[in-house]
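Subject: Structure handover

Hello,

Here is the structure I promised to pass on. Please open it next to this email, and then read on for what was found.

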Amino acid sequence: MEFSKERRGILRLKSEVYGTSVLGAPLRYFPCSDSCRLLVLAAIHGEEAETTFLLSRALRAFDANFRSIAFVLCANPDGVALGTRGNANGVDLNRNFATSNWVASPVPSRSILEASRDTLLSPGSAPGGEPETRALTALIEGLKPVSILSMHSPIGCVDAPAQTSLVQGLRSTFGLPWVPDIGYSTPGSLGTWCKERHLECVTLELPRLASELLFERYGAPFAEFLERFDRAC
């Protein structure tokens with residue numbers, strides 16, 4: 001797929017607001033034109049802004065919204081703007097979903113992949129209590145997608161309980177290994193929330209690469225994957 005000079009600068013898909021962040025930023029998504037089969041979301045962790053970058057670059061190849069795929073370009077705009085993993089309240093949004101295993105204890109995370117868990121974030125004062133989490137769950141419940149693709153970094157894998165057709169397509173597109181489990185507990189995560197609702201949730205962990213290298217390597221293949229998936233639905 002070609003990314004001409006004219007296409008590189010503008011995202012042409014039409015967006016709608018589905019909520020508001022802690023600091024008042026509009027939470028936007030790109031709706032499908034028909035029934036939603038897949039919701040793709042990026043940057044639920046603000047320190048993983050390269051997920052937004054790659055998704056934006058891929059979507060700039062298209063002139064109109066997809067028939068069966070909806071997109072959230074940035075699920076944590078305050079975190080991206082502030083350069084923090086959590087939202088403006090210091091909450092790890094991917095531990096704030098209303099799940100049966102949500103816990104109130106602090107969430108440890110790494111400042112870099114090789115470090116020990118040297119940072120503590122909050123899971124929120126209550127499950128599903130943050131405005132970004134509430135808005136996202138309401139969006140999912142309204143769209144009723146068959147599957148969710150949540151983009152993260154920088155572990156470099158496709159994390160999902162089973163090798164479904166979506167997982168196999170992502171593995172082929174990105175050349176990444178499949179893992180059935182990320183290897184550590186994730187109470188209150190989007191993946192757990194989806195599992196409890198019998199909704200497929202696949203986590204795409206991009207490899208550790210600079211943003212421009214991610215686009216160079218994956219921009220066109222990712223755009224082609226999304227186009228194929230939309231046509232097949």
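Arg85 and Asp92 form a salt bridge, with their closest N and O atoms 3.9 Å apart. Please keep in mind that this is a predicted model. Are the two partners buried or exposed? Arg85 counts as buried, at 17% relative accessibility. Asp92 is buried too, with a relative accessible area of 1%. Glu48 joins the picture here: Glu48, Arg85 and Asp92 are linked in a network of salt bridges.

How many salt bridges does a search of the whole structure find? The number is 5. One of them is between the side chains of Arg12 and Asp63, at 3.9 Å from N to O. Arg12 is partly exposed, at 24% relative accessibility. Asp63 is partly exposed as well, at 49%.

Another salt bridge joins the side chains of Arg208 and Glu114, at 2.9 Å from N to O. It also links distant parts of the chain, and the partners are 94 residues apart. Look for Arg208 in the loop between strand 10 and helix 7. Glu114 is in the loop between strand 5 and strand 6 (119-121). Arg208 is partly exposed, with 48% relative accessibility. Glu114 is exposed, with a relative accessible area of 57%.

The largest nonpolar core has 34 residues. Those with the most contacts inside it are Val40, Leu55, Phe71, Met151, Phe174, Phe222 and Leu226. Several elements each supply at least two residues of this core, among them strand 3 (38-42), strand 4 (69-72), helix 5 (165-174) and helix 7 (211-232). Which element gives the largest share? Helix 7 does, with 7 residues. Take Phe71 as a place to start. Leaving out residues up to four places away in sequence, Phe71 touches Leu13, Tyr29, Phe30, Leu39, Val40, Leu55, Leu59, Phe66 and Leu226. There is also a second, separate core of 24 residues, which includes Leu39, Val72, Ala75 and Ile148.

Helix 2 deserves a look of its own. Why is helix 2 described as largely enclosed by the rest of the structure? Because 8 of its 10 residues are buried. The buried residues are Glu50, Thr51, Thr52, Leu54, Leu55, Ser56, Ala58 and Leu59. Their cover includes strand 3, strand 4, strand 7, helix 5, strand 10 and helix 7.

Next, the backbone. Most residues other than glycine have a negative phi, and most peptide bonds are trans. Ala43 has a positive phi, near 55°. It lies in the loop between strand 3 and helix 2. Ala43 is buried, at 0% relative accessibility. His198 has a positive phi of about 55° and is not a glycine either. It is in the loop between helix 6 and strand 10. Is His198 buried or exposed? His198 is exposed, with a relative accessible area of 77%. The peptide bond between Ser153 and Pro154 is cis, with omega about 5°. Pro154 lies in the loop between strand 7 and strand 8 (155-159).

Val22 is in the loop between strand 1 (16-20) and strand 2 (26-29). It counts as partly exposed, at 30% relative accessibility. Ala88 is in contact with Val22, Leu23, Asp78 and Leu82, leaving aside neighbours within four places in sequence. Find Ala88 in the loop between helix 3 (77-82) and strand 5 (107-109). Ala88 is partly exposed, at 31%. Its C-alpha atom is 5.8 Å from that of Asp78, 10 residues apart along the chain.

Last, Ser189. It is in the loop between strand 9 (178-179) and helix 6 (190-195). Ser189 is buried, with a relative accessible area of 4%. Its side chain makes a polar contact of 3.0 Å with the side chain of Thr192. Beyond residues up to four places away in sequence, Ser189 touches Asn94, Arg95, Phe97 and Thr99.

Best wishes

Conventions: Residues are numbered from 1 along each chain as its sequence is written. This is a predicted model: local features need pLDDT of at least 70, side-chain atom pairs count only at pLDDT 80 or more; totals for chains, interfaces and linings use all residues. Side-chain values use heavy atoms; hydrogens and water are left out. Helices (H or I, at least four residues) and strands (E, at least two) are DSSP runs, numbered from the N terminus. Buried means under 20% relative accessible area, exposed over 50%, partly exposed in between (1.4 Å probe, protein chains only). A polar contact is a pair of N or O atoms within 3.5 Å; within protein, one must be able to donate a hydrogen and the other to accept it, and residues adjacent in sequence count only if both atoms are side-chain atoms. Contact means heavy atoms within 4.5 Å. A nonpolar core is a set of buried Ala, Val, Leu, Ile, Met, Phe, Trp, Tyr and Cys residues joined through side-chain atoms within 4.5 Å. A salt bridge is a side-chain nitrogen of Lys or Arg within 4 Å of a carboxyl oxygen of Asp or Glu.
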